[in-house]
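Morning, everyone. I have one structure to walk through today. Let me put it on the screen.

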Amino acid sequence: MLSLRAPGAAMSVDRYTIPGSGGVLRNKLGLTRHEDVDAALNTAATTRWHLMLQEPIPDRLDVAYLQSIHRRFFSPVLEWAGQLRQAGDEVGAGGTGIVYAMSGFFRTGLDDVFTQLARADYLRGLPRDRFAVELADA
């Protein structure tokens, strides 16, 4: 099961976490324990992943498509699902143990990755091992 909390993570407050919770993600379900939020996120993502597997992959992959995946997977649990980070979101990392990218560079960095992938025809037709290497380098 996916967990968004690092063991022993420091407590801090941001727009993504419940104040004083040690990094429990704010959520629509009123859940206050890491384990419960993780379970809800996994259930939502698994259900939506199954539905997405039945759809064609769009010809053009971009930030908007990535946001739509995040929104579809996690919007049953997270109010902010599919939204890009805002200025100041990188401060504190909400006690999750995840270091957030600087918001000033976040969008341009994503655009650069998708530009590289488009130039490489989204790595279509590559064997699995080569695909993984190329994607990691993007």
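Start with the surface. The protein exposes about 8,800 Å², and carbon and sulfur atoms supply 59% of that area. Accessible areas here come from the Shrake-Rupley method with a 1.4 Å probe, and for residues, only the protein chains shown count as cover.

Some ground rules. This is a predicted model, so local features need pLDDT of at least 70, side-chain atom pairs count only at pLDDT 80 or more, and totals for chains, interfaces and linings use all residues. Residues are numbered from 1 along each chain as its sequence is written, and side-chain values use heavy atoms, with hydrogens and water left out.

Now burial. Of the 138 residues of the protein, 30% count as buried. Buried means under 20% relative accessible area, exposed means over 50%, and partly exposed is in between, with a 1.4 Å probe and protein chains only.

Next, the fold. The secondary structure comes to four helices and zero strands. Along the sequence, that reads α-α-α-α. Helices (H or I, at least four residues) and strands (E, at least two) are DSSP runs, numbered from the N terminus.

Contact means heavy atoms within 4.5 Å.

On to helix packing. Two packed helices are described by the angle between their axes and the distance between the axes. Our pair is helix α1, residues 34-52, and helix α2, residues 63-74. They pack at an angle of about 125°, with their axes 7 Å apart. The axes are lines fitted to C-alpha atoms, for helices over the stretch in contact, and angles run from 0 to 180 degrees between N-to-C directions. α1 and α2 are therefore oblique to each other. For the cut-offs: angles under 35 degrees count as roughly parallel, over 145 as roughly antiparallel, 65 to 115 as roughly perpendicular, and the rest as oblique.

Which residues meet there? From α1 we have L41, A44, A45, R48, W49 and M52. From α2 we have Y65, I69, R72, F73 and F74.

Pick out R72 in that list. R72 lies in helix α2. R72 counts as partly exposed, at 29% relative accessibility. Leaving out residues up to four places away in sequence, R72 touches R48, M52 and E55. Look at the two arginines: R72 and R48 are 24 residues apart in sequence, yet 6.7 Å apart in space, C-alpha to C-alpha.

Salt bridges next. The structure holds six. The criterion is a side-chain nitrogen of Lys or Arg within 4 Å of a carboxyl oxygen of Asp or Glu.

One joins the side chains of D36 and R33, at 3.0 Å, N to O. Both ends are partly exposed: D36 has a relative accessible area of 29%, and R33 has 45%.

Another joins R60 and D62, at 2.9 Å, N to O. Here R60 is exposed at 59%, whereas D62 counts as buried at 18%.

Then D111 and R107, at 3.2 Å, N to O. These two are four residues apart in helix α3, residues 103-119, so about one helical turn separates them. D111 is partly exposed at 31%, and R107 counts as partly exposed at 39%.

Now backbone angles. Most residues other than glycine have a negative phi, and most peptide bonds are trans. Where do we find positive phi here? D121 has a phi of about 50° although it is not a glycine. L123 has a phi of about 65°, and L123 is not a glycine either. D121 sits in the loop between α3 and α4, and L123 is in the loop between α3 and α4 too. Buried or exposed? L123 is buried, with a relative accessible area of 6%. D121 is partly exposed at 40%.

Last stop: a surface patch. L126, F131 and L135 make a nonpolar patch of about 230 Å². Patches are made of residues with over 30% relative accessible area and no salt bridge; like charges are joined within 9 Å, and nonpolar side chains (Val, Leu, Ile, Met, Phe, Trp, Tyr) within 5 Å. Of that trio, L135 is found in helix α4, residues 128-137. L135 counts as partly exposed, at 40% relative accessibility.

That's the tour. Over to you.
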